Amino acid sequence: MSEFDFDSDNDSLDASAPGKPKSPMAYRFRGFLPVVVDVETGGFNAATDALLEIAATTIAMDEDGMVYPDQTHFFRVEPFEGANIEAAALEFTGIKLDHPLRQAVSEEHAITEIFKHVRKAVKSAGCKRAVLVGHNAFFDLGFVNAAVERIQIKRNPFHPFSCFDTATLGGLAYGQTVLAKACSAAGMDFDGREAHSARYDTEKTAELFCTIVNRWREMGGWPPVD
């Protein structure tokens, strides 16, 4: 069993365990707080390509058990030393690295600040750890983990490999795996001119995630019937 198999040492997080969490959010996701993350990058290789933007939106729950996007934190990021940046990636995202108003910060500052807010949200929600939510989440998680390794952060609040993917959830709920099309199918506004900004994509992904989770609850899918 992997050292990262959190099921093995967190039995108290199981909703069926006698000591189940009192927090509704912790009960809903087995002790994990969903946090939506989107990154914009200089390419597809997390080990070699630059992290250029990162945004994270925490998810909260109201007294009726419905989830909603809470706070968003966003940073433009200076490429790490020696980072690869593909011209096609900049053309796709529209990021202008030399723009005078870009006001980018170091990778270490961006990740440290976002992790600080995530840890605070995890504690406030009565959860034990965060789980990354993303559209094609493996991509975002890969870049987050690569940045963590580069700057040697010891306390990563996110589960190292598990994630919730709204491309999969969108395909299940609406038959759509593209973010813009899934949002449209869910009755959400989506401005294509704002797409590929980490902040905008994160907030739209968070809205989509909450819409699907809440719809499942309305249909009787949660909480489970004993």
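Strand 1 (32-41), helix 2 (87-93), helix 4 (137-151), helix 6 (179-185) and helix 7 (198-218) each contribute at least two residues to the lining of the largest pocket. Helices (H or I, at least four residues) and strands (E, at least two) are DSSP runs numbered from the N terminus. The model is predicted, so local features need pLDDT of at least 70 and side-chain atom pairs count only at pLDDT 80 or more, whereas totals for chains, interfaces and linings use all residues. Residues are numbered from 1 along each chain as its sequence is written, and side-chain values use heavy atoms, with hydrogens and water left out.

The largest pocket holds about 640 Å³ of space. On a 1 Å grid over the protein atoms alone, a pocket is an open set of points where a 1.4 Å probe fits, with protein on both sides within 12 Å along at least five of seven lines; lining residues have an atom within 4 Å of a point. Of the 24 lining residues, V39, E40, F92, F139 and H196 lie nearest the centre of the pocket. By class, the lining has 11 nonpolar, 8 polar and 5 charged residues, where Ala, Val, Leu, Ile, Met, Phe, Trp, Tyr, Cys and Pro count as nonpolar, Asp, Glu, Lys and Arg as charged, and the others, Gly among them, as polar.

Two strands pair if DSSP finds at least two bridges between them; strand 1 and strand 2 (residues 51-61) do so in the antiparallel sense over 7 bridges. V37 stands opposite A56 in strand 2.

Most residues other than glycine have a negative phi, and most peptide bonds are trans. Q103, in the loop between helix 2 and helix 3, has a positive phi near 50°. The peptide bond from W222 to P223 is cis, with omega near 0°, and P223 lies in the segment after helix 7.

Notes
Points joined across faces, edges and corners; volume = space filled by probe spheres on them.
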